[in-house]
Amino acid sequence: MIHVVAVLTAKPGQRAKLLEAFAENRAAVLAEEGCIEYGATIDVQGVPSSKASFGPDTFVVIEKWETLAHLQAHAVAPHMKAHGEKTRELVESKLIHVLEPV
């Protein structure tokens with residue numbers, strides 16, 4: 001199994017729009033062969049911020065894929081290309097960590 005932790009930072013004030021676009025694309029990703037989990041997460045409200053907090057412009061996508069080949073197919077899927085084009089102007093930065101269990 002492959003785990004992905006993708007840290008997406010929107011341009012200031014654009015996280016809601018970026019999360020909306022993520023939600024619109026999510027069903028297509030979940031329907032992909034090999035997709036086990038694909039969801040967006042944000043800092044928990046009511047917890048004091050710390051150095052580890054992501055802040056108001058960032059969200060983290062937690063993904064699980066059956067194999068690396070499934071993840072690689074996801075990366076070039078037509079709906080992902082369209083999503084990237086649609087959200088390009090909203091994104092400040094992306095950090096994508098591809099991991100495997102030990």
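A: Start with asparagine 25. In this predicted model, asparagine 25 touches His79, Met80 and His83, leaving out residues up to four places away in sequence. Asparagine 25 sits in helix 1. Is it buried or exposed? Its relative accessibility is 8%, so asparagine 25 counts as buried; the cut-off for buried is under 20%.

Now take one of those partners, histidine 83. Its place is in helix 3. Histidine 83 has a relative accessibility of 15%, so it too counts as buried. Setting aside neighbours within four places in sequence, histidine 83 is in contact with Ala21, Phe22 and Asn25.

These contacts belong to a helix pair. Two packed helices are described by the angle between their axes and the distance between the axes. Here the pair is helix 1, residues 15-30, and helix 3, residues 78-87. They pack at an angle of about 175°. Their axes are 10 Å apart. Angles over 145 degrees count as roughly antiparallel, so helix 1 and helix 3 are roughly antiparallel to each other.

Which residues make this contact? From helix 1 come Leu18, Ala21, Phe22, Glu24, Asn25, Ala28 and Val29. From helix 3 come His79, Met80, His83, Lys86 and Thr87. By type, the residues of this contact divide into six nonpolar, four polar and two charged.

Next, helix 1 itself. Helix 1 has 16 residues. From its first C-alpha to its last, helix 1 reaches 21 Å. That is close to the 22 Å expected at 1.5 Å a residue. Where does helix 1 bend? The bend is at glutamate 24, by about 35°.

The buried residues of helix 1 are Arg15, Leu18, Ala21, Phe22, Asn25 and Val29. What covers them? Helix 3 is part of the cover, and so is helix 2 (68-75). The cover also includes strand 1 (2-10), strand 2 (35-41), strand 3 (58-65) and strand 4 (91-99).

Alanine 27 gives a contrast. Alanine 27 lies in helix 1, but its relative accessible area is 56%. The cut-off for exposed is over 50%, so alanine 27 is exposed. Alanine 27 and lysine 17 are ten residues apart in sequence. In space they are 17 Å apart, C-alpha to C-alpha.

Turn now to two of the covering strands. Valine 7 has its place in strand 1. At 12% relative accessibility, valine 7 counts as buried. Apart from neighbours within four places in sequence, valine 7 is in contact with Phe54, Thr58, Phe59, Val60, Ser93, Lys94 and Leu95. Valine 7 and leucine 19 are twelve residues apart in sequence. Their C-alpha to C-alpha distance is 12 Å.

Valine 60, one of the partners of valine 7, has its place in strand 3. Valine 60 counts as buried, with 6% relative accessibility. Not counting residues up to four places away in sequence, valine 60 touches Val5, Ala6, Val7, Gly39, Ala40, Thr41 and Phe54. Valine 60 and isoleucine 96 are 36 residues apart along the chain. Their C-alpha atoms are separated by 9.6 Å.

Definitions and conventions: Residues numbered from 1 in each chain as written. Predicted model: local features only at pLDDT ≥ 70, side-chain atom pairs only at ≥ 80, totals over all residues. Heavy atoms only, no water. Axes fitted to C-alpha atoms, helices over the stretch in contact; angles between N-to-C directions. Helix = DSSP H or I, 4+ residues; strand = E, 2+ residues; numbered from the N terminus. Parallel < 35°, antiparallel > 145°, perpendicular 65-115°, else oblique. Contact = heavy atoms within 4.5 Å. Nonpolar A, V, L, I, M, F, W, Y, C, P; charged D, E, K, R; others polar. Expected span 1.5 Å × (residues − 1). Bend = angle between axes of the 7 residues up to and from the residue. Buried < 20%, exposed > 50% of the residue type's maximum accessible area, 1.4 Å probe, protein only.
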